[in-house]
Amino acid sequence: MKSFNEFIKVSLLGAPLLNKMFGIFLISMLPVVELRGAIPVGAAIGLPWYLNMIVSIVGNLLPVPFVLLFSVKAFEFMKKHNILVKFIEKIENRAKKRSEGLATGEFIGLMLFVAIPFPGTGAWTGALIAALLQFERKRSFIYITLGIDSCSNYDSGILWCNKFI
C-alpha cells in the first residue's frame with residue numbers, strides 16, 4: 001500500500017493535467033480497482049470532476065469488449081493446455097455464483113450488477129458473467145456501459161457533495 005501512496009504523491013499530485021488524466025485512465029483499467037478507485041484518486045489529486053468522470057469511464061470501458069470477446073476462448077485454451085486450471089475454475093465458479101440472479105433479469109440485472117459499488121462487482125466481472133452466460137455481446141456492452149455510467153455518477157456525486165458538508 002505504501003508504494004501505491006508513493007505513486008500518487010510522486011507521479012500524480014505535482015503532475016500536469018495530462019499526466020493526471022493518464023494516471024486516472026490507467027487506474028480505472030485495473031480489474032479490482034476500476035472506476036470505483038479511480039474517481040476518489042482523481043478527486044484527491046485535484047482533477048476537475050467532469051474530466052475525472054470522463055477519463056474514468058473511458059478507462060473502465062476499454063477492457064470490456066476484450067473480456068466479452070476473448071475470456072471464454074482464453075479460458076478454454078488454458079484448460080486444454082493445463083495452464084492455471086484451478087485458478088480459472090475458481091474464477092468461473094465465482095462469476096457463476098454472482099450471476100445466479102442475473103439469468104432471469106438478464107440485461108437489466110447486468111446493468112445493476114455493474115452499477116452497484118460493492119467489491120467484486122463492476123465492468124470486469126459483469127463482462128465475464130455476460131461472456132460465460134453467453135449473453136448477446138452488443139447488448140451486454142451497452143448495459144455494462146450504462147452500469148458504469150450510473151456508478152460513476154453515484155461515486156462522483158458522493159465525493160463532490162462531501163466537499164460541501
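**Reading burial, contacts and packing**

Mentor: Beyond its neighbours within four places in sequence, I148 is in contact with L35, I57, N60, L61, V114 and A123. Keep in mind that this is a predicted model.

Trainee: What makes these residues contacts of I148?

Mentor: The cut-off is heavy atoms within 4.5 Å. L35, I57, N60, L61, V114 and A123 meet it with I148.

Trainee: Where does I148 sit?

Mentor: I148 belongs to helix α9, residues 137-162.

Trainee: Why is I148 called buried?

Mentor: Buried means under 20% relative accessible area. I148 has 2% relative accessibility, so I148 counts as buried.

Trainee: How far is the C-alpha atom of I148 from that of F113?

Mentor: They are separated by 9.8 Å, and the two residues are 35 residues apart along the chain.

Trainee: What makes α3 mostly covered?

Mentor: Nine of the 11 residues of α3 are buried. Among them are E34, L35, R36 and G37. Just after α3, G46 takes a positive phi of about 85°.

Trainee: How do you know how α5 and α6 are packed?

Mentor: Two packed helices are described by the angle between their axes and the distance between the axes. For α5 and α6 the angle is about 145°, with the axes 9 Å apart. α5 passes α6 in a left-handed crossing.

Trainee: Which residues make the contact?

Mentor: From α5 come F75, M78 and K79. From α6 come V85, I88, E89, I91 and E92.

Trainee: How do these residues divide by class?

Mentor: Five are nonpolar, none is polar and three are charged. Lys and Glu count as charged, so K79, E89 and E92 are the charged ones.

Trainee: What lines the largest pocket?

Mentor: There are 21 lining residues, with P31, R94, W124, T125 and L128 nearest the centre. The elements giving two or more residues are α3, α5, α6 and α8. The largest share, six residues, comes from α6. The pocket has a volume of about 600 Å³.

Trainee: How do you know that R94 is a lining residue?

Mentor: A lining residue has an atom within 4 Å of a pocket point. R94 is on the lining list, so R94 meets that limit. By class, the lining has 11 nonpolar, five polar and five charged residues.

Conventions. Residues numbered from 1 in each chain as written. Predicted model: local features only at pLDDT ≥ 70, side-chain atom pairs only at ≥ 80, totals over all residues. Heavy atoms only, no water. 1 Å grid on protein atoms, 1.4 Å probe; cavity = no way out; pocket = protein on both sides within 12 Å on 5 of 7 lines; lining within 4 Å. Points joined across faces, edges and corners; volume = space filled by probe spheres on them. Helix = DSSP H or I, 4+ residues; strand = E, 2+ residues; numbered from the N terminus. Axes fitted to C-alpha atoms, helices over the stretch in contact; angles between N-to-C directions. Left-handed = near helix turned anticlockwise from the far one by under 90°. Buried < 20%, exposed > 50% of the residue type's maximum accessible area, 1.4 Å probe, protein only.
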